[in-house]
Amino acid sequence: MEDGTRLSADAICLALPAHESSRVLDKNFSDLSHDLEKINYETVAVINLVFPAQGFPREFSKTGFFIPGNGRESPFSSVKFCGPEETGAWIRMKVFIAEKFYREVFLLEDKALLGKVSRNLEEQWGFPKPFWAQVERYWKAIAQYPPGHRNLVREIDSRVQRHPGLFLAGNGYRGFGVSDCIERARETARRIADFLNRK
Ligand SMILES: Cc1cc2nc3c(=O)[nH]c(=O)nc-3n(C[C@H](O)[C@H](O)[C@H](O)COP(=O)(O)OP(=O)(O)OC[C@H]3O[C@@H](n4cnc5c(N)ncnc54)[C@H](O)[C@@H]3O)c2cc1C
């Protein structure tokens with residue numbers, strides 16, 4: 001523990017981002033820690049917006065996902081339309097800005113970032129001014145799976161198996177969607193229970 005206390009356990013599951021598991025395991029599991037560090041995570045800013053439904057462009061007022069073209073005409077990576085809330089009076093929307101692709105925009109302070117994105121939505125896409133807006137930043141949060149990821153995960157799995165009682169869960173390995181993470185968590189919980197029952 002951070003305060004130097006030692007705890008002993010029959011099994012331990014690290015349900016952390018892979019880079020954090022790498023850091024936690026650092027000293028005594030160097031090969032495993034090294035492999036975990038190879039899993040890249042992307043940093044994103046999310047702008048949550050609420051618009052009045054009245055006057056909102058009809059084609060954008062339903063649930064859906066929008067990824068602008070490759071050019072620089074939009075200062076964001078994608079937009080998720082969450083659709084109208086229960087009363088139908090308001091439209092909720094999330095704008096995603098990946099640091100990797102829009103670093104200059106990402107580095108803007110919240111107010112300037114909001115201004116830039118709202119202006120673009122207004123001028124380019126005909127959106128009204130948002131009624132409410134808020135910026136959130138998620139550091140090294142979304143695991144990236146480049147070609148070769150599956151082999152890397154197999155290698156990690158085989159290294160983990162050399163340490164009975166150690167388990168990994170989280171979005172770094174076999175799917176980063178919430179449902180993937182839940183499925184993996186359930187499967188890991190079953191494996192932990194089997195392991196403990198065999199002891
Ligand atoms: C902005 C954003 C939007 C997303 N939208 C969607 C979506 O619409 N649909 C979808 O399916 N998926 C979405 N995802 C992906 C999905 O939400 C995540 O991949 C998933 O929730 C990750 O779950 P997890 O358990 O791996 O990690 P987390 O839920 O992040 O849990 C990891 C936990 O570990 C803790 N932690 C970190 N380091 C340490 C440490 N050293 N010691 C102790 N604790 C630590 C953290 O505080 C955190 O509680 C989104 C992700 C982001 C970032």
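Between which domains does the shell around the ligand lie? The legends below take up this question and then turn to other parts of the predicted model.

**Figure 1. The ligand and the two domains.** Domain 1 (12-40 + 146-198) and domain 2 (41-142) both give residues to the shell around the ligand, so the shell lies between them. The centres of domain 1 and domain 2, taken over C-alpha atoms, are 33 Å apart.

**Figure 2. The residues around the ligand.** The ligand is surrounded by 16 residues, the closest being Ala141, Gly170, Asn171, Gly177 and Val178. At least two residues of this shell come from each of helix H1 (18-25), E2, strand E6 (132-143) and helix H6 (178-198). The most are given by E6, with three residues. Sorted by class, the shell holds 12 nonpolar, three polar and one charged residues.

**Figure 3. The largest nonpolar core.** This core has 18 residues, and Ile47, Leu49, Phe76, Met93, Val95, Ile97 and Val117 touch the most other members. Strand E2 (41-52), strand E5 (90-98) and helix H4 (110-125) each contribute at least two residues to this core. With five residues, E2 gives the most. In soluble globular proteins, nonpolar side chains tend to be buried together.

**Figure 4. Ile47 and its contacts.** Leaving aside residues up to four places away in sequence, Ile47 touches Lys94, Val95, Leu114, Val117, Ala133 and Val135. A second core, separate and made of six residues, includes Ala18, Leu25, Leu36 and Ile39.

**Figure 5. The loop that holds Pro164.** Pro164 is found between helix H5 (149-161) and strand E7 (166-169), in the loop. Pro164 is exposed, because 11 other C-beta atoms lie within 10 Å, and a residue counts as exposed at 12 or fewer. Pro164 and His149 are 15 residues apart along the chain, and 24 Å separate their C-alpha atoms.

**Figure 6. The chain as a whole.** The chain contains six helices and seven strands, which follow the pattern β-α-α-β-β-β-β-α-α-β-α-β-α along the sequence. Taken along the principal axes, the C-alpha atoms fill a box of roughly 65 × 40 × 35 Å. The radius of gyration of the chain is 21 Å, whereas a compact globule of 199 residues would have one near 16 Å. Of the 199 residues, 19% count as buried. Among contacts with a separation of 6 or more, 63% are between residues 24 or more positions apart.

Technical notes. Residues numbered from 1 in each chain as written. Predicted model: local features only at pLDDT ≥ 70, side-chain atom pairs only at ≥ 80, totals over all residues. Core = buried A, V, L, I, M, F, W, Y, C linked by C-beta atoms within 7 Å. Buried ≥ 20, exposed ≤ 12 C-beta atoms within 10 Å, placed from the backbone. Helix = DSSP H or I, 4+ residues; strand = E, 2+ residues; numbered from the N terminus. Contact = placed C-beta atoms within 7 Å. Domains from an automatic or database assignment. Near = placed C-beta within 6 Å. Nonpolar A, V, L, I, M, F, W, Y, C, P; charged D, E, K, R; others polar. Rg over C-alpha atoms; globule rule 2.2 N^0.38 Å.
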